[in-house]
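Hello,

Here is the structure I promised to pass on to you. Have a look at it first, and then read my notes below.

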Amino acid sequence: MSEQQITSSSPIQPAKRIDPLAVIVRFQSLIGLVLVFAGGIIFSPRRHGVILFIQPDNIANIVRAVSETGIIAIGMTFVIITAGIDLSVGATLGLASVVTATLMVSGGFGLITTVLAVLLMGTCFGLIQGAISSKFRLEAFIVTLAGLQAARGLALVVSGNQYINISYGDGPGLAPPIFAVLGGRLFGNVVPVATIVFLIFACIATLVLNTTRFGRYVYAVGGNERAARISGVPVSAIKIAVYAITGFASALAGIVHAGQFNFGSANDGTGYELTAIAAVVIGGTSLFGGSGSMVGTIAGTIMLGALANILQLNNITPAMQLLATAAIIVLAAVLQSLVRRREGLGR
C-alpha cells in the first residue's frame with residue numbers, strides 16, 4: 001500500500017481541544033482547598049512566630065468540626081448525582097441525636113442496640129421520602145421539605161422540647177461509658193474519633209459509587225433518566241435507595257453528634273442541610289445530575305471547614321463567614337452552568 005493510500009484511508013484526526021473552564025470545574029474543590037490553605041497560612045495569626053492555622057491541634061479542630069456535615073454530605077452526593085435534593089438531613093440528625101440519648105438514658109438500651117435502632121430509623125425515614133417522591137412523581141424538594149418538618153416535629157415530641165443530657169455509668173439513667181469515645185481523640189490524642197468515622201464512611205461510599213453496579217446506575221439515572229430506564233436500569237429503586245442512604249448518613253451523623261456533645265436536642269442540625277449541599281456543589285457534583293465524586297465532596301467539606309476556621313482565627317464575624325460561603329457556592333454553580341452551556345453548544 002502506497003503512502004498516498006495510507007494517508008487517504010487513515011485521515012489524521014484533529015486533537016480534541018481542552019476546555020480550561022471544564023478542567024477548573026472538574027478540579028474546583030481541590031483547587032479551592034489549596035487556595036484556602038494557602039490563604040490560611042498567609043493570613044493566619046502568629047503566636048511566638050508560630051503559624052496557628054497549620055498547628056496539629058487546629059487542623060484536628062477543623063476536621064472534627066466538619067465531621068458531621070461531612071458524613072451528611074457523603075450521603076447527599078448520591079442524591080444530587082441523581083439530580084435530586086434532600087432538605088431533611090439536618091432535622092433527621094436532630095431526631096437521631098434525640099432518639100440516641102433517649103434510648104440509652106431513659107430506655108436503658110445498650111450501645112449496639114441503640115446504634116442499630118437509630119441507623120434503621122434514619123434509613124427507613126429516607127426510604128419513605130424516596131418512595132413517596134418516586135412513586136407519586138413529586139419533586140424531591142417538596143417531599144424532603146415536608147420530611148424536614150416531620151423529623152423536627154418527631155424530635156420535639158420525643159424530647160418534650162428539652163435537652164436530653166447524656167451521663168455515663170452502669171446504673172439506671174446512665175449511658176454506656178464506651179459511647180463517650182465518640183467525643184475523644186486517638187493516636188496521641190490528636191485525631192478525633194468523629195473524623196475517623198467520617199473518613200471510614202467516605203471510603204466505603206467511594207468504593208460503592210466507583211466500583212459497583214449500583215454506583216454506575218446512580219450516574220446513569222442522573223445523566224439521562226429516560227435512557228437509563230430504556231436500558232433496564234431500575235430507576236425508581238435507585239432513587240429510593242439514594243434517599244435511604246442519605247437517611248442512614250444523617251442518622252450516623254446524629255449518633256456522632258450526641259457522642260461528641262453528650263446530649264440530644266430537637267434543634268440540633270439546623271442549617272446542616274445547606275452546609276452539606278454547599279460541600280457537594282463546591283466539590284464539583286453537578287446540581288443537574290450525572291456527574292460528581294466523593295473525593296470532591298470530601299475536599300469541599302474540608303475547604304468550607306478551613307475557610308470558617310481561618311475567618312474565626314482572624315475574629316471575622318459569623319455574618320461574613322456566611323457571606324463568603326454563599327459567594328463560593330454561587331461561583332461553583334455559575335462555573336457548572338457555563339460548562340454545561342458550552343457542552344450544549346458543542347453538540
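Which residues does I74 touch, not counting residues up to four places away in sequence? They are F198, F201, A202, A205, M294, T297 and I298, where touching, or contact, means heavy atoms within 4.5 Å.

Before you go further, please note that this is a predicted model, in which local features need pLDDT of at least 70 and side-chain atom pairs count only at pLDDT 80 or more, while totals for chains, interfaces and linings use all residues. Residues are numbered from 1 along each chain as its sequence is written, and side-chain values use heavy atoms, with hydrogens and water left out.

Helices here are DSSP runs (H or I, at least four residues), numbered from the N terminus.

T301 sits in helix 14 (residues 294–313). T301 counts as buried because its relative accessibility is 3%; buried means under 20% relative accessible area and exposed over 50%, with partly exposed in between (1.4 Å probe, protein chains only). Leaving out residues up to four places away in sequence, T301 touches V66, G70, A73, F198 and A279.

Finally, helix 10 (residues 213–223) has G215, V218, V221 and G222 buried. On its other side, R213, R216 and G223 are exposed. The buried residues of helix 10 pack against helix 5 (67–81), helix 9 (193–211), helix 11 (225–230) and helix 12.

Happy exploring!

Definitions and conventions. Helix = DSSP H or I, 4+ residues; strand = E, 2+ residues; numbered from the N terminus.
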